[in-house]
Amino acid sequence: MSPYPADTVQAQAVVPSLADLTTLRVGGPAASYVEAEEEAAMIEAVTAADDAGVPLLVVGGGSNLLVADEGFGGVVVRDVRTGITVESDDSCGGAVVTAPAGQNWDELVARAVDEGWVGIESLSGIPGTVGAAPVQNIGAYGQELSGVVSLVRTWDRGERRVRTFSVGELGFGYRTSLLKRSMHGEGREGIKGEGDPRAPWYPSPRYVVLSVQFQFRLGTLSAPVGYGELARRLGVEVGQRAPMKDVRETVLGLRGGKGMLLDSPGFDGEPDHDRWNSGSFFTNPVIPVEHLEHLPEDAPRYPVRSATPETTTGPSLGAIDPTLVKTSAAWLIEHAGFAKGFGLAGEHSPARLSTKHTLAMTNRGGARTEDVIALARAVRDGVRDRFGVTLVPETVLIGVSL
């Protein structure tokens, strides 16, 4: 039965399971399911769920979700709007581009590379939608979304109005933003419940993304390459630039080699279960420099940069924060004794670490959510016991916890 009142939004007659809507392919049914093909329908569906007092889960590509085997006892709303609108494109102002929340992310990246819109080429191959991108401040290979976002247009569930945030208001950080923090009633500075008596809004943000506007520089060369492995593959130094098409091709190759690309639509061969994952399950730990003595000398150390470029007069990386250092969650996992392909019951485990990359929890074809959680919990505890570092999930957990 739909939790909506009879005189409001009509839910879909066929309700898919969350296994059908997520890239891990696990999770039980939703109580109700709505697909929004227009912005007005999206707002109406969200408002109807809030009015009915039922939980709301807004889903894009489902590439960063792990939902309980029991399912989701509320309304799942999926934004299926697509389209890329070029507001302006000239040598003086660059390109101003807008896309709705439901737009496939990698299609936007491919278009950007073809058109010479600089700044997201290293984010090639990331699954999901435009709407999820600013919530997580997605990033990869030394590049983050925050460097090109201009405006994010949202539906404010608290004030029941459309609200637009500029990049300076979004509080971007490493895999976080004001949007993400609003799930738990945290403001821009992370103060829980400040001015938000209806919090928490979990598992969806208070501010539901409707569309994102980007400001791109124009060119054929990438933004400065900020990741050593990518720079080596491209034959450049960190901080130098390379042809955007080469960057995209190289990033897709790197991601594919780690099982971090999804199977293509219409894939009819043997499934690559390394690709049945939710991306990086844990974030890379960011550690105060005074605590570095607790890490082995050979543990990777990466600079922590500001979420936005250091300068606005030309292509630039973010400013380095001298008080923080980032290390590799994948390295910690492997050196805590969890090798690629590890499973709690050996090679026949229904959930195992990817055989290509230890940071991905994978469904080997018959896993349930409880299997994935048990594996993730064992990995988290093992790393904490070995190194004193508690890994934090990047994957959003719904109805389950570590």
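Trainee: Quick one to start: is G73 buried or exposed?
Mentor: G73 is exposed, with a relative accessible area of 62%. Buried means under 20% relative accessible area, exposed over 50%, and partly exposed in between (1.4 Å probe, protein chains only). Keep in mind that this is a predicted model, where local features need pLDDT of at least 70, side-chain atom pairs count only at pLDDT 80 or more, and totals for chains, interfaces and linings use all residues. Residues are numbered from 1 along each chain as its sequence is written, and side-chain values use heavy atoms, with hydrogens and water left out.

Trainee: Got it. Where does G73 sit, and what does G73 touch?
Mentor: You'll find G73 in strand 4 (residues 72–79). Helices (H or I, at least four residues) and strands (E, at least two) are DSSP runs, numbered from the N terminus. Leaving aside residues up to four places away in sequence, G73 touches A31 and P55, contact being heavy atoms within 4.5 Å.

Trainee: And how far is G73 from T85?
Mentor: They're 12 residues apart in sequence, and 36 Å apart in space, C-alpha to C-alpha.

Trainee: Switching topic: how many aromatic pairs are there?
Mentor: A search of the whole structure turns up 9. One of them is F165 with Y207, edge-to-face at 4.9 Å centre to centre and 75° between the planes. Rings of Phe, Tyr and Trp (its six-membered ring) pair if their centres lie within 6.5 Å; planes under 30 degrees apart count as stacked, over 60 as edge-to-face and the rest as tilted.

Trainee: What does the F165 and Y207 pair tie together?
Mentor: F165 lies in strand 11 (residues 161–166) and Y207 in strand 12 (residues 207–218), so the pair links parts that are 42 residues apart in sequence. F165 and Y207 are both buried.

Trainee: Which residues form an aromatic cluster?
Mentor: W105, W117, F214 and F216 form one.

Trainee: Okay, helices. How do helix 3 and helix 7 pack?
Mentor: Helix 3 (residues 105–115) and helix 7 (residues 244–257) pack at about 150°, with their axes 9 Å apart. Axes are lines fitted to C-alpha atoms, for helices over the stretch in contact, and angles run from 0 to 180 degrees between N-to-C directions. That makes helix 3 roughly antiparallel to helix 7; angles under 35 degrees count as roughly parallel, over 145 as roughly antiparallel, 65 to 115 as roughly perpendicular and the rest as oblique.

Trainee: Which residues meet there?
Mentor: From helix 3, D106, V109, A110, A112, V113 and D114 meet M244, K245 and R248 of helix 7.
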